[in-house]
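Reader: I am new to this structure and would like to learn how to read its features. Could you take me through a few of them, giving the general idea before the case at hand?

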Protein chains: 4
Amino acid sequence: MIVAMQENATEEQIDAVIEAMTEAGVNVHRTTGTMQTILAAVGQTAGLDLAKFEMLPGVLHVHRISAPYKLSGRAFRPEGTVVEFANGARIGGEQVAVIAGPCAVENREQIFAIAACVKRAGARFLRGGAFKPRSSPYSFQGHGIPGLQMLHEAAQAHGLATVSEVMEIAQIEPMLPYVDCFQVGARNMQNFNLLRELGQTRKPVLLKRGIAATVEELLLSSEYILSGGNYDVILCERGIRTYETSTRNTMDISAIPVLKKLSHLPVVGDPSHGTGRRDMVAPMAKAALAAGADALLMEIHPNADKAVSDAAQTLYLDQFEKLMGELRLIATAVGRTL
Amino acid sequence: MIVAMQENATEEQIDAVIEAMTEAGVNVHRTTGTMQTILAAVGQTAGLDLAKFEMLPGVLHVHRISAPYKLSGRAFRPEGTVVEFANGARIGGEQVAVIAGPCAVENREQIFAIAACVKRAGARFLRGGAFKPRSSPYSFQGHGIPGLQMLHEAAQAHGLATVSEVMEIAQIEPMLPYVDCFQVGARNMQNFNLLRELGQTRKPVLLKRGIAATVEELLLSSEYILSGGNYDVILCERGIRTYETSTRNTMDISAIPVLKKLSHLPVVGDPSHGTGRRDMVAPMAKAALAAGADALLMEIHPNADKAVSDAAQTLYLDQFEKLMGELRLIATAVGRTL
Amino acid sequence: MIVAMQENATEEQIDAVIEAMTEAGVNVHRTTGTMQTILAAVGQTAGLDLAKFEMLPGVLHVHRISAPYKLSGRAFRPEGTVVEFANGARIGGEQVAVIAGPCAVENREQIFAIAACVKRAGARFLRGGAFKPRSSPYSFQGHGIPGLQMLHEAAQAHGLATVSEVMEIAQIEPMLPYVDCFQVGARNMQNFNLLRELGQTRKPVLLKRGIAATVEELLLSSEYILSGGNYDVILCERGIRTYETSTRNTMDISAIPVLKKLSHLPVVGDPSHGTGRRDMVAPMAKAALAAGADALLMEIHPNADKAVSDAAQTLYLDQFEKLMGELRLIATAVGRTL
Amino acid sequence: MIVAMQENATEEQIDAVIEAMTEAGVNVHRTTGTMQTILAAVGQTAGLDLAKFEMLPGVLHVHRISAPYKLSGRAFRPEGTVVEFANGARIGGEQVAVIAGPCAVENREQIFAIAACVKRAGARFLRGGAFKPRSSPYSFQGHGIPGLQMLHEAAQAHGLATVSEVMEIAQIEPMLPYVDCFQVGARNMQNFNLLRELGQTRKPVLLKRGIAATVEELLLSSEYILSGGNYDVILCERGIRTYETSTRNTMDISAIPVLKKLSHLPVVGDPSHGTGRRDMVAPMAKAALAAGADALLMEIHPNADKAVSDAAQTLYLDQFEKLMGELRLIATAVGRTL
């Protein structure tokens, strides 16, 4: 932490800040410039509340000079993390992974048809939601555990790993037999109690960025999971909220290379939620891959227009299969496989 | 719902859209202009997924023409809602309410000193957090139920009503004896399961706007609580996330009159979280009041700089008492009392 | 400037950064911590391109530790600036100023009727646009200099000072006889050539914040005018662009007290552009005043619904007169007059 | 235009809206639902001020149902626009174009070295700024016309076309002999007088999106140029302002396919300004290309760290040459050449 004093700060004010800093348990290193005095905190600064110091009289600004996360940082594991699944698939290595499936598991026939398509197209992960809290109280809310059972069976039949969203702590235990990877949705990115519990499991967690979360906040959230000893976290960019309305969210493609630089964790791009529009999924899937994504997450449905949720952003199965072929070319162009 | 077709849409495309609309259960009213065909849905459109229609071939845009909420709308109760509390205080009437207290209940002495100050200053609501999930896993996390007991006792001693944040469904039941008003934090504004459960209680709920939530989304969230039969909802503006960094959030003061126009529910302004800076609390509290807020929510602490959380935005007790006097003048100027 | 090195930065990298800093003309003060090395620049850092240093190998972050503006800063004139006008009116003192008028000067009758109303209501500034570049090329574009002549005559008849927008350098000279205050619109806030030229005049300049400009960028822009020797600059908050769409812009009321703290320049609130909605002008005018604005800028028109531009946000004359009475009460409540 | 009335709107209110609409010159088509009355405007609605109708009593919302631009729309030229240059290069066709050069032309040696590199790498456009208004008044401001002469000579020597930014109307004429394509910067995207004048020239214009501009506003701005008869407009995505700070701007990659869908004009991606960071230029250039960009615009410099402006986002020449090779692979993967 660096405290920059105002140019006209008095010696009394400077002393008071130094006292507050030492009281907080750090050593203070003072630089007195011709214009301005600077106080650098030396020692354990991780738990410090920086904003508090900014309010002290005579202080201009307080700067944090080290990243607020540790286990999520690239330096913790410079070679990068590869998450492995029981079916032999991996996320984070040279091969790009594809996770596909419906927004919601609707019935047996639907999820088996989709699983067969996922397999046929060469992808190895089947996603499907069972708990669907919707922004309107008047919409379909999901099948729950029976939905997960169908998802699991369909995946088993085709050698796929399953990914499904967990909404609250009480769902973790009953979901365990059916999911190979827990998904934490954007709205729960800062549900720290849930993250902490997931840190106690030994199942991979796909953590979605909140629609107003910074890259740094995403890494602070993954820190909650990692600090519990669960190192298999996959970060997901799925669009942020901006003033632009031509797409439902603005997919922040640059977050992908930024996350790859700052962290060792694999990064997934979700062009379905990232754009909210079926006709934008293909170009944005390609963009995410070209920018360095380790995996892609896409919503697909045999009857996309009639999907009970997220219909507008869901690909038809033939669109998905065609896209997989195009993505393979991009993967090769960036030196990877798919 | 209005579907505007593209200028070059074919008759086949128009017919396909009409079919999709009737299949979704609405009647269709067609206007064929010289340039463009427009299809209006007549009937029950509340459950329709508009985005789905936007993806159909030949469609330019789909417009929703009625508000997606009902019980939260001003028309449901044009005279406005007044929430009443056991200690006789009200939120929503002519008198402006003030809710004050520490971010977190720290100990008995702290909360009793604050309660005495709240009472002395003429406010009637004591707030204090007991469950404090923090964005860093390395920070203080709150006292839980024992903290609420202290809060309750301190409030009782001074005839105050209590307000405290509920983080998850499992906390509702144990909190019931100690809180007069549940607070739902910004991060939980779209935790629909929690909202639904709170809709089953008969305790007032103070619902905070998410940092990236629109006014409409806030009203959709309150709809979850109201649709359970709990009509005592209080809406809270506490700052949204924008590109500006001189304040922690950008307090959207205009949301206050907008909410008052669109909804019958009382509106609270929270200048502490709205700005994140102690020196901005007073001007923004005044602004919120001048713009029509029914109540104000502020963080106060006898030793603000040493508060275990939110120190930077917390007022000292004497600052709060002074501010209460200034707010009284503004209240009078806008034809209210405080 | 402070350069925080990465924890694993090598001595070679540190040396290279020190060399780049000294080459840029500053002295370097090094702090070697157990975790991290910090390099502080001492000396003249105003012209430094900080981002450049951030790209050097081994660098974690670069922090600017002094404000990038000088003349606009509060420290330059702690007592605050009061701008004086020929008609005796002032902006920045104890009395709150009101600037009112139509978006565009339409004709003689219109502007004289408005001037009479402004005077009657007790305000002392008449605004009106003569150059109206519109976002659609198919809209009305203003009367030019003849419009300004009408504005000037109407103002003279009632002892008012005039305010009108200047769009480009070539307009400054011909506008001089007719305007008492140049307005620089939000879109020109970073038209640095225009600002520089206005810095050469000795007429007050009302500088509007761009819809995506930070408070700091607004102060950097005012610096351009002040550095030319023209110290009569008035800053204006008129709404920023956010994701919220219930108002046209989000009026950042907190920018008013922030600007008052950081700068000595007077601050105006513009609730007409700030909200884009007539029904929100009154509450937001009151909020701006309660938060510390030195002046208010409002669009008014005898036939508001038929105004050729900005009709939706324009007050009728009787609404304006009623509002003036209400604002007077707020002014008193915050210890000022109006 | 569709006017949706409130559910409780009276017949008088409905009649008043119909009258206002007919007065504005459109025919009105009324749909009376069980809940709500809807009024559709039929006829010439291009010039209508929609916000004005939204303020009328009893109105819930006003929706625009046709795009506000015409000449920029895809329907105007469904096959797409290809802009041709004197040196035989094109922007908009199957071949992806690359525009590279320094932020500012600094001296003869610099620009000739860069031109040689651009040629060697297989690109055909040389960019370089001569007028550099900077956000701080204390920075380098460009060489003006002599800078353009150097740019032109260096380009001629290598068969390249030149691109340079025009800041104001007075610069158009003197720039004509030296530039093959005018660039309009983000800050001037809504400088409508400048756009109108450029519409009178017969030189291609590269129009950058403002940092807070929507896709629709960008197309409205291009409409100004096209409506003057200059159809050679190239649209440029170069990052928008959001709350995220890990990159200087958030490059909105999805704007590329959205623009390609809505408009016939070619689209350029600018990863240098889009990210503000040298280490993010390569992944974002690839992403833009994969998403369908017709061209890429990049800043390069033989001594990037010492560039007088935009140093942090400027590539070294060898980085650029290496990137060109990688981009060629992506171009092939998406069925194009480079």
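Reader: Which residues of strand E7 of chain C are buried on one side, and which on the other?

Author: In a regular strand the side chains alternate between the two faces of the sheet. In E7(C), C:Ala97, C:Ile99 and C:Gly101 are buried on one side, and C:Val98 and C:Ala100 are buried on the other, so that both faces are covered. A residue counts as buried if 20 or more other C-beta atoms lie within 10 Å of its own, as exposed if 12 or fewer do, and as partly exposed in between, with C-beta atoms placed from the backbone. Strand E7 (residues 97–101) of chain C is largely enclosed by the rest of the structure, because five of its five residues are buried. This is a predicted model, in which local features need pLDDT of at least 70 and side-chain atom pairs count only at pLDDT 80 or more, while totals for chains, interfaces and linings use all residues. Residues are numbered from 1 along each chain as its sequence is written, and chains are lettered from A and ligands numbered from 1 in the order in which they are written.

Reader: Which strands pair with E7(C), and in what sense?

Author: Two strands pair if DSSP finds at least two bridges between them; strands (E, at least two residues) and helices (H or I, at least four) are DSSP runs, numbered from the N terminus. E7(C) runs parallel to strand E14 (residues 295–299) of chain C, to which five bridges join it, and C:Ile99 stands opposite C:Leu297 there. With strand E8 (residues 125–127) of chain C, E7(C) pairs over two bridges, also in the parallel sense, and C:Ala100 has C:Leu126 as its bridge partner.

Reader: How should I read helix H11 of chain A, and which of its residues are buried?

Author: An α-helix has 3.6 residues a turn, so residues three or four places apart point the same way. Helix H11 (residues 317–333) of chain A has 17 residues, and the buried ones are A:Leu317, A:Phe320, A:Leu323, A:Met324, A:Leu327, A:Ile330 and A:Ala333. Seen down the axis of H11(A), these buried residues fall within an arc of 165° (taken from the directions from the helix axis to the C-beta atoms), so they line one face of the helix. The face turned away from that buried side carries the exposed residues A:Asp318 and A:Gly325.

Reader: How many residues of chain A are in contact with chain D?

Author: Two residues are in contact if their C-beta atoms, placed from the backbone, lie within 7 Å. By that rule, 34 residues of chain A are in contact with 34 residues of chain D. H10(A) gives the most to the side of chain A that touches chain D, with eight residues.

How values were computed:
Expected span 1.5 Å × (residues − 1).
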